[in-house]
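Please keep the sequence and the model in view while reading.

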Amino acid sequence: MNQKFIITKKLPELPEVETVKETLKNLIINKTIRDIDVFYDGIIKDISVEEFKKYLIDKTFTNIKRQGKYLIFILDDIALISHLRMEGKYFIKSTLEDRSKHEHIIFYFTDGSTLRYHDTRKFGTMDIRNIEDIYDTAPINKLGPEPFDKKLTVSYLSAKLKNKSIPIKSALLDQTIITGLGNIYVDEVLYRCKLNPITKSNTLKKADLSNIIKYSSIVLDKAIKLGGTTIRSYTSSLGVTGRFQNELNVHTLENEPCKVCQTPIVKTKVNGRGTYFCPKCQK
DNA sequence: GTGACCACCTGGCCGC
DNA sequence: TGCGGCCAGGTGGTCA
């Protein structure tokens, strides 16, 4: 087998972000920012580094929330909205520790510790909002319901997809329709639903939509309980690794036998995204 | 309104 | 051994 296709990139999806949120809650709540160093300003959206510092210095972390794959740090009256994208991570370290190559933003706390944003590919983003504007402005106000949300019903999904001829895989990756599903979990959900990833979204039956809702919730719930998925080396703060990779049925398992019918799992591309499915179970 | 495509960015891998 | 090129990923922007 071509080695290039074995290596799958790791990425933080909703379960991984939930793990990061819960881990950081125990570590930074009630800590006050004394200073900030920004080594790569491309992560900060819309405002200058000076404004970013002005908003956050002397502020205290009072809560951490999550919406989809976004982390929302509450600092008094300000919200720092962070998206980890492909490889973003947070670490707590002492002020004395040297900065590693990929640490792009360091928050210095008054107690001598630091919160460090580490991102190998510099894809992550940070937005600043007033707390009263969090849910009324982009990016949060564009997000659809999460799989656990009661708003996610068959009628909601049917209305969203009725004019969509794009593959169901692409539709499920669209965070304005359902928020929280990423490439790994969409493959796993579609496998459990026995749906081919290229099925046109507007051809699905109500039973299919019901299954999508049901299995999205089941898959993400289980992944959260297991701390997410560590495919190559993704770890959350303080090196917490996920165990959901042991539950994967198709993703990254090209040429491995399907657990149901033993047919080799196929890897293809759907709108440029690496996609794994069983050609027999998912017709 | 919809869908396709591109940019962003870098480590790891393959082929030469 | 070293170099060039490809690939992976989520999201936002642009264009048809």
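## The hairpin beside the DNA

Together, E9 and E10 form a hairpin with 2 residues between them, and Asn271 in the turn has a positive phi of about 50 degrees. Thr268 stands opposite Thr275 in E10.

## Basis of the description

The model is predicted: local features need pLDDT of at least 70, side-chain atom pairs count only at pLDDT 80 or more, and totals for chains, interfaces and linings use all residues. Residues are numbered from 1 along each chain as its sequence is written, chains are lettered from A and ligands numbered from 1 in the order in which they are written, and side-chain values use heavy atoms, with hydrogens and water left out.

## Surroundings of DNA strand C

DNA strand C is surrounded by 17 residues, of which the closest are Met86, Arg121, Lys269, Arg273 and Gly274. A residue is near a molecule or strand if one of its heavy atoms lies within 4 Å of it. Of the atoms of DNA strand C within 4 Å of the protein, 62% belong to sugar or phosphate and the rest to bases.

For Arg85, a polar side-chain atom lies 2.9 Å from a base nitrogen of DNA strand C.

## The four-stranded sheet

An open sheet of 4 strands has the order E1-E6-E7-E5, with antiparallel pairing. Strand E1 (33-38) and strand E5 (88-94) stand at the edges with a single partner strand each, so one side of each has no neighbour in the sheet. Strand E6 (residues 103-109) pairs with strand E7 (residues 113-119) in the antiparallel sense over 5 bridges, and Ile105 has Tyr117 in E7 as its bridge partner.

Helix H2 (residues 49-56) packs on the sheet and touches E1 and E6; its direction makes about 160 degrees with that of E1. Helix H1 (residues 14-28) lies across E5, E6 and E7, running at about 20 degrees to E5. For these angles, axes are lines fitted to C-alpha atoms, for helices over the stretch in contact (heavy atoms within 4.5 Å), and angles run from 0 to 180 degrees between N-to-C directions.

## Arg116 in strand E7

Arg116 lies in strand E7. At 1% relative accessibility, Arg116 counts as buried, a term for under 20% relative accessible area (1.4 Å probe, protein chains only). The side chain of Arg116 makes a polar contact with the side chain of Thr114 (2.9 Å). A polar atom of the Arg116 side chain also lies 3.2 Å from the backbone oxygen of Asp98. A polar contact is a pair of N or O atoms within 3.5 Å; within protein, one must be able to donate a hydrogen and the other to accept it, and residues adjacent in sequence count only if both atoms are side-chain atoms.

Key:
Pairing = 2+ DSSP bridges. Buried < 20%, exposed > 50% of the residue type's maximum accessible area, 1.4 Å probe, protein only.
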